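Work through the exercises below with the model open beside you. Try each task before reading its solution.

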Amino acid sequence: MNADAAGARGSLLALLDTLDLAYRETTHEAVYTMAESAALNAALAGCRCKNLLVQNKKGTEHFLVVTTPDARVDLGELGRRLDVGRLSFCPPETMQALLGVAPGAASPFALAADSLGQVKLVMDALLESATHFLFHPMVNTATISIGKQDLLRFLAAIGHPAAFVEIPRRGA
């Protein structure tokens, strides 16, 4: 983990503590895919989530899409539903500029770095019933388990309230 990533993780943990939010953290080898994440067998309670940073064709609208681990998101249909046109994945340099993280480390926690509110959070309605979530804390070498209510409090505190919406899927 480089010094910037370690500093971002430390700042996030300090913010969680300042907000008096309950969480548990474990460290592990770097993971970049949902398959690598599943192989960790982390002893933390919570729903693993796929986190996708996407943008419209002009690069003027950005969304962090949080969905189930096996979801194959239909970005074209999601863009239509969000009324922003076709969506595509953001390049790594955009992810770094907007959220301060590298690919593999995007999560709702990274929205703390988006002080200008350039990224909208879209959470899959299928996750709404989850009681705990598993997310990377600004680095892909650690995972945090956080309860749903504490996550919602965190998101409200950083000005990125959660919106649970039906995420369209590709193919069955």
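The model is predicted, so local features need pLDDT of at least 70 and side-chain atom pairs count only at pLDDT 80 or more, while totals for chains, interfaces and linings use all residues. Residues are numbered from 1 along each chain as its sequence is written, and side-chain values use heavy atoms, with hydrogens and water left out.

**Exercise 1. Find the salt bridge of Arg9 and state which parts of the chain it ties together.**

Step 1. Apply the criterion: a side-chain nitrogen of Lys or Arg within 4 Å of a carboxyl oxygen of Asp or Glu. Arg9 meets Glu25, N to O, at 2.8 Å.

Step 2. Helices (H or I, at least four residues) and strands (E, at least two) are DSSP runs, numbered from the N terminus. Arg9 sits in helix H1 (residues 3-18) and Glu25 in strand E1 (residues 23-27), so the bridge ties together parts 16 residues apart in sequence.

Step 3. Check accessibility. Buried means under 20% relative accessible area, exposed over 50%, and partly exposed in between (1.4 Å probe, protein chains only). Arg9 is buried at 19%; Glu25 is partly exposed at 29%.

Step 4. The structure holds 7 salt bridges. Glu77, Arg80, Arg81 and Glu166 are linked in a network of them.

**Exercise 2. Describe the salt bridge of Lys120 and Glu61.**

Step 1. Take the distance. The closest N and O atoms are 2.8 Å apart.

Step 2. Locate the partners. Lys120 belongs to strand E6 (residues 119-124), and Glu61 to the loop between strand E3 (50-56) and strand E4 (62-67). The pair links distant parts of the chain, 59 residues apart.

Step 3. Classify both. Lys120 is partly exposed at 42%, and Glu61 is partly exposed at 26%.

**Exercise 3. Give the strand order of the open sheet of 5 strands, and what packs on it.**

Step 1. Read the order: E5-E3-E4-E6-E9, with mixed pairing. Two strands pair if DSSP finds at least two bridges between them.

Step 2. Name the edges. Strand E5 (87-89) and strand E9 (164-165) each pair on one side only.

Step 3. Inspect one pair. E4 and E6 run in the parallel sense over 5 bridges. His62 stands opposite Val119 in E6.

**Exercise 4. Which residues of H5 are buried, and how are they arranged?**

Step 1. List them: Lys148, Asp150, Leu151, Phe154 and Leu155.

Step 2. Look down the axis. The buried residues of H5 fall within an arc of 160 degrees, so they line one face of the helix. The arc is that of the directions from the helix axis to the C-beta atoms.

Step 3. Turn to the other side. Gln149 and Ala156 are exposed there.

Step 4. Pass the end of the helix. Just after H5, Gly159 takes a positive phi of about 75 degrees.

**Exercise 5. Characterise the surroundings of Ile146.**

Step 1. Ile146 is buried, at 0%.

Step 2. Collect contacts, not counting residues up to four places away in sequence. Ile146 touches Leu16, Ala22, Phe109, Thr131, His132, Phe133 and Leu151.

Key
Contact = heavy atoms within 4.5 Å.
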